[in-house]
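Hi everyone, thanks for making time. Let me put the structure up, and then we can walk through a few parts of it together.

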Amino acid sequence: MTDREKAEDIEAEAARWVWRLDRDGHTPEQEAELEAWLARDERRRGAFMKAEAVWTLLDRARDTAPPAWQAAEARRSKRESRRALLAGAGAAIAATVVGGGVLIWREDQFRTGVGEIRRAPLKDGSAVVINTTSAIDVAFRQKQRTIRLKEGEAWFQVAHDVQRPFVVEAGAVRVRAVGTAFSVRRRADGADVLVTEGVVEAWVDGAARAPTRLTAGQNAFIDNSAAVHEAVAAPAVVDRKLEWRYGRIDLAGETLQEAVADFNRYNARKLVIADPGIADERLYGVFNTDGPDAFAAAVRASLGVEIEVRSSEIILGRRRAS
């Protein structure tokens, strides 16, 4: 080791060690090589322990995920799924096996495509689940951890650090936490904030209004004018709205128009309501985010309407004559 070795380089190498041990097993040769690497810098052991902790966290999340998520991941082995979320830090926090090599993703940017839901660790021990068609930039500094939600939605499990608050910026809206779990969805006129654990503070940058405190089970929409539209505390509602983390849409009285808008976030083939008269019909049920066909069939059965499946659209048509 030289004096020029940076902390982020140590953490990235620690992450690679965790991946190698999972891939190859704890052989005597691997253990001896690892111990030699750890002994050359006292910082390495701490970095290795942190990488192991994040690996275990992600592993446990997959083991306890509901069947819909497990089914969505059936194309990958458990080990490959973990590799795709390998903890690292600095310039490299995640790796996946591609053609026998290791592809390193930069820590400071995450993007998801249509229908993609990505789970990833952050270098401070936090974790993020990023919804479809979303983009975040990560900037961890000495006095603050900042996430810029450029578009879309993300849920954060925040590692406790009172010296460095964790702040999500979604347009003009700011959401601050120290150690908690919450989601933020950016919209054109503000942001939705849902809290699953702990307490957060939300406000609009530059506004005179004091921050709004939200606790576990609460959710609110903060508009760009600093007005707060807070819903009645209902943990079950928050959990239901966050079913997207497991690849599901949970409808409990949403209108057909709202449900269609939600499904269209996840699929290239869009649902289209041909009859405005059915747009306000309320629906109940749990569906996979990638299952617009199953949803359309349920609409046909429950509302008695015709559907037409096209290459790029699923038309929800008029009611059949009784």
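Predicted model: local features only at pLDDT ≥ 70, side-chain atom pairs only at ≥ 80, totals over all residues.

Ala 135 has Glu 151 in β7 as its bridge partner.

Now, what is the strand order in the open sheet of seven strands? Reading across, we have β3-β6-β7-β9-β10-β13-β14, and the pairing is mixed. The edges are β3, residues 109–111, and β14; each has a single partner strand, so one side of each is left without a neighbour in the sheet. From one strand to the next, the twist averages 20 degrees.

Let's stay with β14 for a moment. Its pairing with strand β13, residues 199–204, is antiparallel and takes in four bridges. In that pairing, Thr 212 of β14 has Ala 202 opposite.

And which residues of β14 sit on its covered face? Those are Thr 212 and Leu 214, while Arg 213 and Thr 215 make up the uncovered face. As a reminder, side chains in a regular strand alternate between the two faces of the sheet.

Last stop, a helix. Ala 51 lies in helix α3, which covers residues 42–63. Is Ala 51 buried or exposed? Its relative accessibility is 6%, and buried means under 20%, so Ala 51 counts as buried. Along the chain, Ala 51 and Glu 13 are 38 residues apart, and their C-alpha atoms are separated by 9.6 Å.

How values were computed: Residues numbered from 1 in each chain as written. Heavy atoms only, no water. Helix = DSSP H or I, 4+ residues; strand = E, 2+ residues; numbered from the N terminus. Buried < 20%, exposed > 50% of the residue type's maximum accessible area, 1.4 Å probe, protein only. Pairing = 2+ DSSP bridges. Axes fitted to C-alpha atoms, helices over the stretch in contact; angles between N-to-C directions.
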